[in-house]
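Good morning, and thank you for making time for this presentation.

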Amino acid sequence: MTSHALPATTLATSPRVTARRIGAVFAGLFTIFAVTTATDAALHAAGIYPASGVVMSHGLFLLAAAYRVVYGVLGCYVTARVAPNRPLAHALVLGLIGTLISIAGSIAMWDAGPGWYALAVIFTALPCAWLGGQLRLVQLARAR
């Protein structure tokens, strides 16, 4: 009778690999937060966005949604790039975290803007994660 069990070394993950996995997700999350916050601040400073507390027009919310999609893909690519293995899986973990954060933010800030914007941010997190991970997979395939 042949055993099909995996060796213990493949089942166990070293603390170093676990730290790299967690670090990869945090690197992508930090990237998204940093570039989004910097862009928001720059648009406020340039007078494109109104002062805090003033509701923006739908066009400005569309602009915000557009660059959040781009930054979401970028952040998930960073996660996939830094991940020690399985880049797409790590990017999708970040996408799930982004979805949960977006849901919490939408609940807390529902009246701060149009409902479509809150829903767009929620529903674009996982597609952005998939795209960011796929970009890394394409990059890896070309390097072979």
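**An aromatic cluster and its surroundings**

Phe 61, Trp 116 and Tyr 117 are linked into a cluster by ring pairs. Before I go further, please note that this is a predicted model, in which local features need pLDDT of at least 70 and side-chain atom pairs count only at pLDDT 80 or more, while totals for chains, interfaces and linings use all residues. Residues are numbered from 1 along each chain as its sequence is written, and side-chain values use heavy atoms, with hydrogens and water left out.

Let me describe the rings in turn. A pair of aromatic rings is described by the distance of the centres and the angle of the planes. Here, rings of Phe, Tyr and Trp (its six-membered ring) pair if their centres lie within 6.5 Å; planes under 30 degrees apart count as stacked, over 60 as edge-to-face and the rest as tilted. The structure holds three aromatic pairs. For Phe 61 and Tyr 117, the ring centres are 5.0 Å apart and the planes stand at 55 degrees, so this pair is tilted. Because Phe 61 lies in helix α3 and Tyr 117 in helix α5, the pair ties together parts that are 56 residues apart in sequence. Trp 116 and Tyr 117 form an edge-to-face pair, with 6.2 Å from centre to centre and 85 degrees between the planes.

How exposed are these residues? I use buried for under 20% relative accessible area, exposed for over 50%, and partly exposed in between (1.4 Å probe, protein chains only). Phe 61 and Tyr 117 are both buried, Tyr 117 having a relative accessible area of 14%. Trp 116, at 36%, is partly exposed.

Now to the chain as a whole. Helices (H or I, at least four residues) and strands (E, at least two) are DSSP runs, numbered from the N terminus. The chain has five helices and zero strands. Its radius of gyration is 19 Å, well over the 15 Å that the globule rule gives for 144 residues, so the chain is more spread out than a compact globule. That radius is taken over C-alpha atoms, and the globule rule is 2.2 Å times the number of residues to the power 0.38. Along the principal axes, the C-alpha atoms fill a box of roughly 70 × 35 × 25 Å. Of the 144 residues, 33% count as buried.

Helix α2 contains Phe 26, which is exposed, with a relative accessible area of 54%. The C-alpha atoms of Phe 26 and Gly 75 are separated by 9.5 Å, although these residues are 49 apart along the chain.
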